Amino acid sequence: MVTKQLSGTPENADLARADSLAREIFSDVANKWALLIIEALGERTLRFGEVRSEVDGISHKMLTQNLRMLERNGLARRKVHPTVPPKVEYTLTEPGLALRETVHRMCDWTHRYIDHIETSRDRFGTADMP
């Protein structure tokens, strides 16, 4: 993956441009696993296994990939303790915590409207769904 460079000020992060760094960031964090990991971490520090327990259904590979992506984007911090076996902990950084506020609101929105969405899907008919 080629990392796009933001030239100039943040105002130059034109979301309409295909090579926008902002678009790459959206692509990274706007997936179900990243959102669920951000929500799970919250304001806590968790070990890998604890994150995996919090995010039901995520595979070891997907958790690893998403934690690395969050770390690469500066949204999570990984701390390795020099023990045998190594103890690795993850926590959200300041930008990660700021993003979590939005993720948390999305989770609240989902809880608030899930019955409405389910009713709409039932009316639409599941036979037409891919």
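Visitor: Which residues does Arg-100 touch, not counting residues up to four places away in sequence?
Guide: This is a predicted model, in which local features need pLDDT of at least 70, side-chain atom pairs count only at pLDDT 80 or more, and totals for chains, interfaces and linings use all residues. Residues are numbered from 1 along each chain as its sequence is written, and side-chain values use heavy atoms, without hydrogens and water. A contact means heavy atoms within 4.5 Å. By that criterion, Arg-100 touches Ile-38, Glu-39, Gly-42 and Leu-92.

Visitor: Is Arg-100 buried or exposed?
Guide: Arg-100 lies in helix H5 (residues 94-124); helices are DSSP runs of H or I with at least four residues, numbered from the N terminus. Buried means under 20% relative accessible area, exposed over 50% and partly exposed in between, with a 1.4 Å probe and protein chains only. Because its relative accessibility is 18%, Arg-100 counts as buried.

Visitor: Within what arc do the buried residues of H2 fall?
Guide: In helix H2 (residues 32-41), the buried residues are Trp-33, Ala-34, Ile-37, Ile-38, Ala-40 and Leu-41. They line one face of the helix, because seen down the axis of H2 they fall within an arc of 165 degrees. The arc is that of the directions from the helix axis to the C-beta atoms. The value asked for is therefore 165 degrees.

Notes: Helices (H or I, at least four residues) and strands (E, at least two) are DSSP runs, numbered from the N terminus.
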